Amino acid sequence: MSHSIFNRRWAAVILEALSRHGVQHLCIAPGSRSAPLTLEAAAGNFICHTHFDERGLGYLALGLAKATRQPVAMIVTSGTAVANLLPAVIEASLTGERLIVLSADRPPELIDCGANQAIAQPGIFAGHVGGALNLPRPSADIPARWLVSAIDALLQQHPAGAVHINTPFAEPLYGEASLAFKAWHDELGDWWHEEKPWLNINADWATPFCSDWSRWRQKRGLVVAGKITAEEGVALAKWAETLGWPLLADIQSHTGAPWPCSELWLQETHARQTLAEAEIVVQFGARLTGKTLTGWLAEIHPAAWWLIDPLPGHLDPAHHRSQRIVANITAWLAAHPAVSQPAWLPSLQTLAQETYTALTRRLQEFGEAQLALRLPKLLPQEGALFLGNSLTIRLADAFARLPAGYPVYASRGASGIDGLIATAVGVQRGSGKPLLAIVGDLSALYDLNSLALLDGPLVLIVVNNGGGQIFSLLPTPVKERERFFTLPQRADFASAANMFGLAYRQPQDWPSLLDAVAAGWQSDKAMLIELKAVADRGAQWLAGAWQQ
Ligand SMILES: Cc1ncc(C[n+]2csc(CCOP(=O)(O)OP(=O)(O)O)c2C)c(N)n1
Ligand SMILES: [Mg+2]
């Protein structure tokens with residue numbers, strides 16, 4: 001019995017230590033080996049989420065971390081349960097959300113000896129975690145101050161991406177809390193009643209300042225906005241407008257796209273050439289969605305290229321000779337104020353506006369390209385938007401003009417189609433806002449288990465275009481296209497909605513789609529809306545718009 005009690009004491013220190021780094025949400029999958037952590041979590045003040053499927057659980061945590069911008073911890077049992085967290089860990093490692101894997105493990109005497117459900121867990125996430133802590137088997141011989149310091153050091157040394165804490169527990173795993181081992185626990189004294197970490201590592205995060213900014217800001221500049229936050233997007237749009245610099249905005253930029261549809265008008269030679277006269281490009285946030293934009297950026301060679309993103313590392317796939325500035329974007333903007341100047345390319349902004357206006361005259365057809373254009377009308381008030389990968393985000397990036405500062409979420413690191421529903425649910429729960437989520441049909445089938453997570457004010461539009469129609473946009477050979485690339489499916493989404501107790505609609509025109517979405521916000525059930533689209537029509541529409 002004493003093991004089970006000490007296991008709980010050990011788990012309590014781990015969870016309390018995590019809470020000092022902002023962990024409020026715990027995502028827990030069922031398992032026995034992890035019971036000491038789970039029971040301690042249940043007894044604490046955390047917001048606990050559960051899921052039977054660890055791949056979905058990992059993505060749920062990712063969505064929570066996106067929306068709360070706080071670290072989120074996952075508790076799973078030993079074995080392949082741990083391995084199923086890998087996709088979400090990979091995405092977080094690329095896009096910087098903070099995930100903490102707490103994997104329960106067998107103690108060393110049960111590893112590599114034929115014991116059930118025992119696999120090699122240390123190092124399982126390889127280079128996809130920033131850091132890892134392979135804890136020893138819980139022992140009162142090890143002071144609690146070591147355990148808490150080790151966790152503090154791990155989290156403070158890795159302020160972005162995922163970390164892995166492997167935690168072996170010996171049986172028995174269940175038992176009531178008791179006063180045993182209280183002295184071990186009390187060694188941490190007042191820490192139990194305070195809010196700060198045990199160990200505080202102070203790093204200097206001063207904003208890097210470009211001393212020749214007052215010279216550069218008078219030049220012909222171009223602003224590129226990638227994935228940045230809602231507040232940053234609003235501030236950046238003002239900054240660029242004051243400077244009179246064009247702003248090329250990604251769908252994740254939150255800038256309101258004052259120069260809309262660059263994916264389209266950047267196809268035009270004159271526009272490409274005049275814009276290439278920019279002397280300096282200042283890019284905020286990376287991970288651009290549009291292929292036209294990234295292609296054009298790779299061709300130009302301005303005198304200066306600054307890439308500002310709070311995440312460290314190389315974030316420019318075109319490898320420009322550049323300044324990679326690791327900084328908080330709001331702080332950087334404040335340190336580099338704009339001065340009011342006339343726009344140096346007003347004709348191009350007119351072209352951008354005209355492109356958008358021309359598109360909005362062609363909204364009648366009921367299809368996925370028009371859905372992208374009509375997005376602003378579908379958004380819930382004080383809500384948020386989650387965009388799935390593949391054509392969904394590509395069409396939104398090309399056509400949609402979202403209100404500045406309206407929260408948009410996506411997963412554009414590894415761009416998997418495997419956990420999009422779970423990620424959307426995490427965003428909805430983390431933000432506490434009504435969420436409109438849009439995913440493709442194969443993406444929906446891939447993450448079907450996560451329909452079990454849907455509740456609250458969430459409308460999920462599944463664009464059913466009969467398989468992965470992104471491959472109709474790509475030069476896949478027509479003869480092999482269906483069999484090996486698009487994989488049209490015959491799934492019945494009405495039955496899927498029914499199976500998971502969701503409201504379901506399949507509108508046939510725009511008024512009934514608007515009606516279905518509105519009904520979704522009224523309902524206490526989550527709503528699945530199936531938008532049946534003509535197979536490759538959306539892909540064709542995008543290709544046609546490029547041509548035009
Ligand atoms: C886990 C994973 N497997 C495969 C891919 C490659 N892939 C990208 S898009 C896509 C098809 C997605 O189909 P669907 O969700 O219906 O979207 P559509 O292309 O129709 O917009 C595939 C297989 C991926 N991104 N992630
Ligand atoms: Mg599809």
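This is a predicted model: local features need pLDDT of at least 70, side-chain atom pairs count only at pLDDT 80 or more; totals for chains, interfaces and linings use all residues.
**Helix crossing, aromatic pairs and a magnesium site**

Helix H1 passes helix H2 in a right-handed crossing. Good morning.

Two packed helices are described by the angle between their axes and the distance between the axes. H1 covers residues 2–19 and H2 covers residues 35–43; their axes come within 8 Å and cross at roughly 60°. The two helices are therefore oblique to each other.

I turn now to the aromatic rings. A pair of aromatic rings is described by the distance of the centres and the angle of the planes. In this model the count comes to 18 aromatic pairs.

A second pair consists of Phe-471 and Phe-485. The ring centres of Phe-471 and Phe-485 are 5.8 Å apart and the planes stand at 50°, so this pair is tilted. Phe-471 is part of helix H20, residues 470–473, and Phe-485 is part of helix H21, residues 478–486, so the pair ties together parts that lie 14 residues apart in sequence. Phe-471 has a relative accessibility of 29% and therefore counts as partly exposed. Phe-485, at 32% relative accessibility, also counts as partly exposed.

Which residues form one aromatic cluster? They are Trp-213, Trp-216, Trp-239, Trp-245, Phe-284, Trp-306 and Trp-332. Elsewhere, Arg-20 lies over the face of Trp-191, at 4.2 Å from the ring centre.

Next comes the magnesium ion, which is ligand 2. Its protein donors are Asp-441 through OD, Asn-465 through OD1 and Gly-467 through O, lying 2.0 Å from the ion. Along the chain, these donors follow the spacing D-x23-N-x1-G. Both Asn-465 and Gly-467 are buried.

I close with the backbone. Most residues other than glycine have a negative phi, and most peptide bonds are trans. Where does a cis peptide bond occur? A cis bond joins Glu-171 and Pro-172, with omega about 0°. Pro-172 is found in the loop between strand S6 (162–168) and helix H7 (182–186). The loop between S6 and H7 also holds Phe-181. Phi of Phe-181 is near 60°, a positive value in a residue other than glycine. With a relative accessible area of 29%, Phe-181 is partly exposed.

Asp-112 likewise has a positive phi, of about 65°, although it is not a glycine. Asp-112 is placed in the loop between strand S4 (99–105) and strand S5 (129–134). Its relative accessible area is 80%, so Asp-112 is exposed.

By contrast, Ala-278 is buried, because its relative accessible area is 6% and the cut-off for buried is under 20%. Ala-278 lies in the loop between helix H11 (269–275) and strand S9 (280–284). From C-alpha to C-alpha, Ala-278 and Leu-37 are 56 Å apart in space, and they are 241 residues apart in sequence. Thank you for your attention.

Notes:
Residues are numbered from 1 along each chain as its sequence is written. Chains are lettered from A and ligands numbered from 1 in the order in which they are written. Side-chain values use heavy atoms; hydrogens and water are left out. Rings of Phe, Tyr and Trp (its six-membered ring) pair if their centres lie within 6.5 Å; planes under 30 degrees apart count as stacked, over 60 as edge-to-face and the rest as tilted. Helices (H or I, at least four residues) and strands (E, at least two) are DSSP runs, numbered from the N terminus. Buried means under 20% relative accessible area, exposed over 50%, partly exposed in between (1.4 Å probe, protein chains only). A charge sits over a ring if NZ of Lys or CZ of Arg is within 6 Å of the ring centre and within 35 degrees of the ring normal. Donors are N, O and S atoms within 2.8 Å of the metal (3.2 Å for Na, K and Ca); water is not among the atoms, so sites may look incomplete. Axes are lines fitted to C-alpha atoms, for helices over the stretch in contact, and angles run from 0 to 180 degrees between N-to-C directions. Angles under 35 degrees count as roughly parallel, over 145 as roughly antiparallel, 65 to 115 as roughly perpendicular and the rest as oblique. A crossing is left-handed if the near helix is turned anticlockwise from the far one by less than a right angle, and right-handed if clockwise.
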